[in-house]
Amino acid sequence: MRNTSRTFSILFVCLVASRAWAGDEFSISNIDRASWHWASEGQLQLNEYNSSRPPQLVFFDPTEISECRLGKISCNPNEPITLVVDVKRPKPFIARLRYKARGKSKSIVISLLSQVSPDFKVTGASNLDKNILISPWHYAMVLSPKGELVYYRDFEFFVQDFRQHIVKGAIYYSIVNVTTSNIKINSEGPRLILDENFKVIEKFDHIVDGHEFHYLGPKHYLFMTYDDIETPAGTCYINQTISEEKNGKSIYRFSIFDFFKQGYLAEAPYKFPFRGRNCNGNSHLNAVQIVDKDRWLISLGNGSIFLWNKATGKPEWIFSGPEDQFDLKPKQLTHLHHTPRWFPDEGRLTVFDNDYQTQTTRLLDFKLDPVKKMVVTLKEIPLSNGYSIFGGSLEIDRENIFSVGFGMRAKGKWDFAEIEDGRRNMTIQFQKQSFGPYSYRVYRGIRAVLP
């Protein structure tokens with residue numbers, strides 16, 4: 001019988017240094033390969049290693065270390081600590097090393113991560129102190145601002161939309177366990193809710209769409225669903241809804257047909273295979289932003305973006321699409337867009353525009369006057385002629401730092417980029433190419449304190 005556990009020793013070795021220990025996070029990835037090395041005087045070091053040579057953590061003179069603990073294990077800087085990693089069903093070993101040196105308490109996070117995580121290449125580093133959350137294929141991954149693999153989990157099934165939620169100061173995560181994928185339309189499955197230590201604490205058993213989800217607290221969700229409905233004449237249509245539910249009871253429900261019933265024009269109809277049938281679609285509901293307690297920004301990817309007022313049951317304004325109220329010029333129109341975000345205090349609308357017409361994907365930054373229904377300014381953020389067939393995400397931090405998940409790239413070399421003033425601070429490229437939106441979506445998250 002094959003032994004599926006491997007033992008690795010971590011040895012603390014003396015290094016005399018005059019400077020303080022900087023940094024609070026340290027990852028050891030690709031355990032079976034000599035592939036990672038970090039060295040700086042007075043800081044934690046990892047020497048090159050392979051399966052026959054254990055990694056070494058090197059820090060201050062051991063005579064200056066007291067009250068050393070690694071997780072629940074007492075440690076002596078002169079003695080090795082043995083850690084066991086399960087290779088067959090790999091899960092990260094994450095512990096916080098706490099110690100006292102020169103009378104001051106210090107700590108650092110240590111993560112042991114298996115070599116089975118996807119291969120990826122990082123260039124540059126982020127100018128934001130935020131982690132990067134991404135879910136390629138069947139993995140959930142957290143990368144540090146430097147692109148170091150901080151956490152991952154192999155769910156052993158296709159997953160999508162790994163994201164962080166902050167509820168009353170507490171940190172949660174969620175991810176879709178995809179059971180059905182309707183190509184170019186949506187992915188569906190139950191949603192898993194995880195706590196700040198990535199432990200599953202809730203399972204939302206609705207078959208929900210993977211485009212959007214907001215965790216609002218225990219048993220309180222805002223989610224999207226795609227369903228097939230049939231007319232009396234036997235014609236199949238794809239209905240798309242946004243629902244808010246708490247403790248199993250419906251609080252609010254919006255159907256895309258509620259919008260059309262008010263007399264607003266549907267987008268150009270299309271046919272797609274959906275759940276084994278050829279169904280008509282008149283929109284592509286792919287995002288909802290909670291602007292405030294009464295208003296949602298809703299995205300119909302094939303045309304319109306509109307600000308929906310829940311209290312009145314009507315849109316306050318409609319941007320782009322067949323009912324455009326902003327008199328957009330051809331260059332200002334979007335052609336399959338994702339993750340629009342509205343900043344009402346600034347009158348600012350940001351959009352990831354796949355732009356299938358020119359096959360050159362754009363990031364659009366609009367300044368709008370929603371009262372006069374006019375575009376004040378438009379800035380295009382260059383993407384080096386890349387093209388995303390579908391999917392894609394755009395976040396903005398501070399005034400001019402954009403975090404971009406590229407979706408399914410047909411042209412271009414990277415899957416994630418941080419862009420500032422038109423320059424790329426950082427890029428991530430997965431080595432594997434496959435037909436799937438594995439960088440839709442990519443999120444930034446606050447750097448949680450790990451156990």
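Me: Helices are DSSP runs of H or I with at least four residues, strands are runs of E with at least two, and both are numbered from the N terminus. Where does that put K372?

Reply: K372 sits in the loop between strand 31 (362-369) and strand 32 (374-381). Bear in mind that this is a predicted model: local features need pLDDT of at least 70, side-chain atom pairs count only at pLDDT 80 or more, and totals for chains, interfaces and linings use all residues. Residues are numbered from 1 along each chain as its sequence is written, and side-chain values use heavy atoms, leaving out hydrogens and water.

Me: Why is K372 called exposed?

Reply: Buried means under 20% relative accessible area, exposed means over 50%, and partly exposed is in between (1.4 Å probe, protein chains only). K372 has 62% relative accessibility, so K372 counts as exposed.

Me: And what makes D397 buried?

Reply: Its relative accessible area is 10%, so D397 falls on the buried side of the cut-off. D397 belongs to strand 34 (residues 393-397).

Me: How do you know that D397 and K130 make a polar contact?

Reply: A polar contact is a pair of N or O atoms within 3.5 Å; within protein, one must be able to donate a hydrogen and the other to accept it, and residues adjacent in sequence count only if both atoms are side-chain atoms. The side chains of D397 and K130 come to 2.5 Å, so the pair passes the distance limit.

Me: What makes E244 and K310 a salt bridge?

Reply: The term asks for a side-chain nitrogen of Lys or Arg within 4 Å of a carboxyl oxygen of Asp or Glu. Here the closest N and O atoms are 3.8 Å apart, so the pair qualifies. E244 is in strand 21 and K310 in the loop between strand 27 and strand 28 (314-319), 66 residues apart.

Me: Are those two ends buried or exposed, and why?

Reply: E244 has a relative accessible area of 12%, so E244 is buried. K310 is at 19%, so K310 counts as buried too.

Me: What about E380 and R362: why do they get which labels?

Reply: E380 is at 36%, so E380 is partly exposed; R362 is at 9%, so R362 is buried. They form a salt bridge, with the closest N and O atoms 3.3 Å apart. R362 also meets D355 in a salt bridge, at 3.6 Å from N to O.

Me: How many salt bridges does the structure hold?

Reply: There are 23. Among the residues involved, D161, R163, R191, E212, R341 and R441 are linked in a network.
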